[in-house]
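Subject: Structure handover

Hello,

Here is the structure we talked about. Please have a look, then read the notes below.

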Amino acid sequence: MFSALSDGRINNALSLMAGHQRWVERNTGLTNDPHQDHYIQNPDGVLANNRHFIADTQMEYQPNGDGTTEGQAIHILGYLHAYLATNRTMYLDKAIWHWDAYVKYFYRGQSIPETPQRWICNWILNSKQPCLANYPVDPKEPTHGGFKCVPLEFRNGKAQIPHGAPFWGEWLDVVTYAHRGHMTWGAINASIQTIREDCEGKIDWQRVYDDFRLFEAKEPYNPMAWIDWASYLGYPSYTVNWGGDASRGQTLPFSWMVAWTNNKIGIGRGPDDQLWDGNIIETGIPDSEIGTIQLQDTTINGVYLVNYAVRLPVELGGYMFERNECWHNRPVHTPFLGGVGQLGNAADAEVWFIDACYMLWRITGEEHYKKALESVFYTAHEYTYIDALDRFFRQSTVSETPFTDGISYSFSYPELTKIEYSRDIDGYIVVKAGEASQHYLEQQSIWYRINRNSKLKVTYGGVDEGGKPIRFRPMLNLQAEKEDTGKENWWVGALPDSHAEHPVEYVIPLSKMCLLNNERTGEEYIVADKRAITDYGGCIPNAHFEADVLGDRDVMVVEAEFPDDDAGFIVGFWLQESQKAPLEQIVYRSDAEFDLRIVDDQKWRWYWMLPNTDGQWVTFTLDKTKMVLSGWQPDHPNDPSPSSPDFTTVNQVTILLENSSDKNKHFAYYCINDIPPLFDKDDGWTITFRGVIAGDQAWSAKVGDCCMIDYRLDSLNYCPGVIPFSNIYSDESPQINGWHGMPYPGYQWPMMYCIQRDNTYDLWLQNQIEFLFDSQEAYFKQVQEMGPGCAAYIWDRWDTHKYGPPDTWTTFHWGDGKPWAGYQPRAFMAAARAWYELTLRNKAVPEKLKRYVERWITWLVAFIKKSGGHTPNEFPTAPKPPVWVPDDFTGHMCGLWLAGACYSALAGSVVAELDHLIEAAAGELMDEYDITHIPGHPMNGCWSPALRLDSDNGMAFGFYSGEIFRGLSLYVIYRKHGAGYNMFSRAALSDANDASLGPISVAIP
């Protein structure tokens, strides 16, 4: 089918694959001394991120022994493609060996679930020698390890962390900043809130330092329980200002520090304004100076709080990582001492592992790969339920502040009520009010998209200082569009009073929430409210929650017991803006006949006789023609009786018994005049949430998760379907919990939605494809080149607005950050992989998927011609176009360009000169294959950014191998068999229908 030249290139590709496998085998070994032992993987099948030695300290760079799910998943895929290209079982055995290592170590020994469910692994572990962790270790929140808020006295910007217990300055490994404030969460790099010195007078920082010196000598000391020193040493906790960005505290950056290695390490910028980050700027510093830290501002004097971590030897209480143990590498190098909820995978690695499990299942037919696939799919698919991350207010053992998500705040009535915030051991927000009051917790930027089937979840509890109940009134400002127009549209739910301190979770269907304001009158509906009630004569009115009023309403009602006809209660209309109201109807319930009495404009007393409803709710029309003139007329003792009442509105009504013979009777009412409508919309947005906590004397409340459930999944563009940047689990909750950032095209893997036997996930697939396609369109507008895609999309979410205008594409990451170039070929290859899978299954291929891939191909062909035969390796930010940087060949990128091009050709792409692109990419890999002039040199047979022939510390990155294996293997498959070939034709499950997943339902937290 192909020319002799093609046969020669096939043989070259096979030779490179075999040679590189020999390199991998030679570079497999046990690291004991990372300065001397340089391996790309260990004997347990765990791939290292880097063969070469990187750094000793956290201050210099990421930990030296990182092994990632990203590299491991790609490694497995590379070997699987090599097996399909060569039919050599050695490659399949290697894939299985690395897959087994992935499951054993990254999942920390968890067995494969029997049914589809969340299955959490960790994205990174220790692939090399046992080494010390940063100290102190936080067993509950691993990334919160380290020392926080340790007060040190600075002179000319310089201080030294004390040596010895408990602060171990002689083992200093990393330092973040100095500050005077309160940390909003427990990490050493957390943001800082100011301390409001106006509350209790100026903070005496010298006293803080003196008290610290006294405390320092006390034993035992628990450094894992990080503290705000100002609070711990007796300063009032309410001096913290929780008011958002306006009160963000000042952090003072460092210029350098002296580490346990006796090296002076640069931090930020030095005095010459050169970037010093992580550079060793001086060696051989005396032991006595270890722990010295220098601020950039050399004029600073006085006591400031400092955050840092050390590498403490085990014999002094430190922690030693085992080989293959899961860890986290930022902001501290830390182990996981809790449950699997402390773990978390990289989103891109998760979707690639879907493909690895799928291919192993197809190739071998073995059921355990299918079971693994189902749970990996479940876990990745769950990422796409974006709003599952959000809370109006959140139960959290991590955050100190009650205001964790979005833009949230509080206010009180009376305005000057003293409010104190804290959190209990379970992470509930604790709110204490010093007097009878209403306190408002409000959230204005968590915008769920909802419909009539959505529900509001509220979690609260508490009592007042006398042990009596407190109340919680949930409210939602719902709008038809995703924008805050300034015109509020409040809907109100009802909850039972709290009679105990422990919080209770309530779920309120939106279909049971009532409109607050009457559109006809412009004022609030007149519903039962104890604030509008006064009583006399021994009447005992109480407001309480009641379900199924008028058949379908869960509302607050006011109910009173009447011991005799001397008792009564008044419903005032003073909560209305006009403090008056007409009288049209009343919804009530009674076990006797009652009178509803008014005083008309001429001060005559009239009433309606309200029939006994036998305990049933009824709507009674207040017909003026049926009013009865009262016998008692204190304002008209001798005047002739009028024939009819004279009023339009009144300021109050009185409820009293009709018959003097009745004793201990009951009357309840729900509303007067119009009945508030219930929510019944197919679409809308939660613009504002408000929770009103109220008590009749000083009170204490606890608030947990408040959020929406059963919301719509399309609240953000390209959702559901797009894989977000981040996912964070909690060890104490099933919730996915936290910020998740900007979505990248390079994180998408539409193939995951191509392998189902039905159309359950068609919308998810469509949205991923739209996302990729639109990234390309936007890149063309910004750079005027049609092919590559923008680096990221800025969602219309509170947590991404700081990165740019919402609902826009950007060629930057995180504001002004330069994106990694490797994400571009990943997006191209992912789309081509999906096209090929759909083709194998005889499924319709979306036109935009084809166009996206073939635009890339056309652009890559033109680029190769322009660059003299090179594939792109650098993608500057707009408006600069992509370039080829000489002497910077990037093996993993070239492998991806080749794989994507071959997948496209196999799928049936007919773009002119596609073969030219394929041969150019394959040729680059062949040309850049490293064979040194030194026989037997350990770097012979790889693709290295820096061979470093004068040492054994040659650079090699683990994830290069899998990408190159995959690219060369697909090249061999395409060149041997041509377009349309099914690479699974000899697999155990050769028919695509035998390797299809059924629908997998995700339990939304």
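Strands (E, at least two residues) are DSSP runs, numbered from the N terminus. The model is predicted: local features need pLDDT of at least 70, side-chain atom pairs count only at pLDDT 80 or more, and totals for chains, interfaces and linings use all residues. Residues are numbered from 1 along each chain as its sequence is written, and side-chain values use heavy atoms, with hydrogens and water left out.

M513 first. M513 sits in the loop between strand 25 (504–509) and strand 26 (514–515). Its relative accessibility is 0%, so M513 counts as buried (under 20% relative accessible area; exposed is over 50%, partly exposed in between; 1.4 Å probe, protein chains only). V492 is 21 residues away along the chain, yet the C-alpha atoms of M513 and V492 are separated by 5.3 Å.

Next, the surface. E481, E483, D484 and E488 form a patch of negative charge there (residues with over 30% relative accessible area and no salt bridge, like charges joined within 9 Å; a salt bridge puts a side-chain nitrogen of Lys or Arg within 4 Å of a carboxyl oxygen of Asp or Glu). E483 lies in the loop between strand 23 (471–479) and strand 24 (490–492). With a relative accessible area of 42%, E483 is partly exposed.

Six strands make an open, antiparallel sheet in the order 28-31-37-33-34-36 (two strands pair if DSSP finds at least two bridges between them). Strand 28 (533–536) and strand 36 (628–629) are the edges, each pairing on one side only. Strand 33 (594–599) pairs with strand 37 (652–657) over 4 bridges. There, F594 has L657 as its bridge partner.

Best wishes

Notes:
Patches are made of residues with over 30% relative accessible area and no salt bridge: like charges are joined within 9 Å, nonpolar side chains (Val, Leu, Ile, Met, Phe, Trp, Tyr) within 5 Å. Accessible areas come from the Shrake-Rupley method with a 1.4 Å probe; for residues, only the protein chains shown count as cover. Lys and Arg count as positive and Asp and Glu as negative; His and the chain ends are not counted. The place of a charge is taken as NZ of Lys, CZ of Arg, CG of Asp or CD of Glu.
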